[in-house]
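My notes follow the order in which I looked things up.

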Amino acid sequence: MEFPEPDLQRIREKVAERNRAEREFRRIKPFIQKKYNYCCANCKKNTNTQMEIHHRDVNRLNNNEENLVLLCKKCHGEISRKNIPKNK
C-alpha cells in the first residue's frame, strides 16, 4: 500500500498560522484579563491563578477580542464540555 507524499508547503503554512495565533494570544491575554477585571465572566468569581481564556467559537486561531472571554477553570471546563458534539 502506497501513501501519498505529505504536502510540506501546506504543513509549513499551518504551522506558521498556529505560531502567529499563539503570539497574538500571548499579546492579547493581559488585555482580556484586565477587561474582565480578573473575574470569571460566568460566575463573577476571582480565583487568581485558576483563570483561563475561552474562545467562544472554539477556534483557537481566532483571537479577536470579541471571541475571547475570561473564565475560571471550573466554568471553562463546563462550557467546553457543552461545546463537544455528542456521538449518537
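The entries below go from confidence to strands, then to a loop residue and a surface patch.

**Confidence.** I am working with a predicted model. I looked up the pLDDT for the protein chain, and the average is 88. I also noted that 92% of the residues score at least 70. Strand 2 has the highest confidence, at 95. Helix 2 (residues 73-83) has the lowest, at a mean of 87.

**Strands.** I went to strand 2 next, residues 68-72, and found five of its five residues buried. Which residues sit on each side of strand 2? I listed Leu68, Leu70 and Cys72 on one side. Val69 and Leu71 are on the other, and both faces are covered. I then checked the pairing with strand 1 (residues 51-55): five bridges join the two strands, and they run antiparallel.

**Loop.** I looked at Asn67, in the loop between strand 1 and strand 2. Is Asn67 buried or exposed? Its relative accessibility is 6%, so I logged Asn67 as buried; the cut-off for buried is under 20%. I followed the side chain of Asn67 to the backbone oxygen of Asn62, at 2.8 Å.

**Surface patch.** I finished on a nonpolar patch formed by Leu8, Ile11 and Val15. Together they have about 250 Å² of accessible area. I placed Val15 in helix 1 (residues 8-35). Val15 has a relative accessible area of 39%, so I recorded this residue as partly exposed.

Note on methods. Residues are numbered from 1 along each chain as its sequence is written. This is a predicted model: local features need pLDDT of at least 70, side-chain atom pairs count only at pLDDT 80 or more; totals for chains, interfaces and linings use all residues. Side-chain values use heavy atoms; hydrogens and water are left out. Buried means under 20% relative accessible area, exposed over 50%, partly exposed in between (1.4 Å probe, protein chains only). Helices (H or I, at least four residues) and strands (E, at least two) are DSSP runs, numbered from the N terminus. Two strands pair if DSSP finds at least two bridges between them. Patches are made of residues with over 30% relative accessible area and no salt bridge: like charges are joined within 9 Å, nonpolar side chains (Val, Leu, Ile, Met, Phe, Trp, Tyr) within 5 Å. Accessible areas come from the Shrake-Rupley method with a 1.4 Å probe; for residues, only the protein chains shown count as cover. A salt bridge is a side-chain nitrogen of Lys or Arg within 4 Å of a carboxyl oxygen of Asp or Glu. pLDDT is the predictor's confidence in each residue, from 0 to 100. A polar contact is a pair of N or O atoms within 3.5 Å; within protein, one must be able to donate a hydrogen and the other to accept it, and residues adjacent in sequence count only if both atoms are side-chain atoms.
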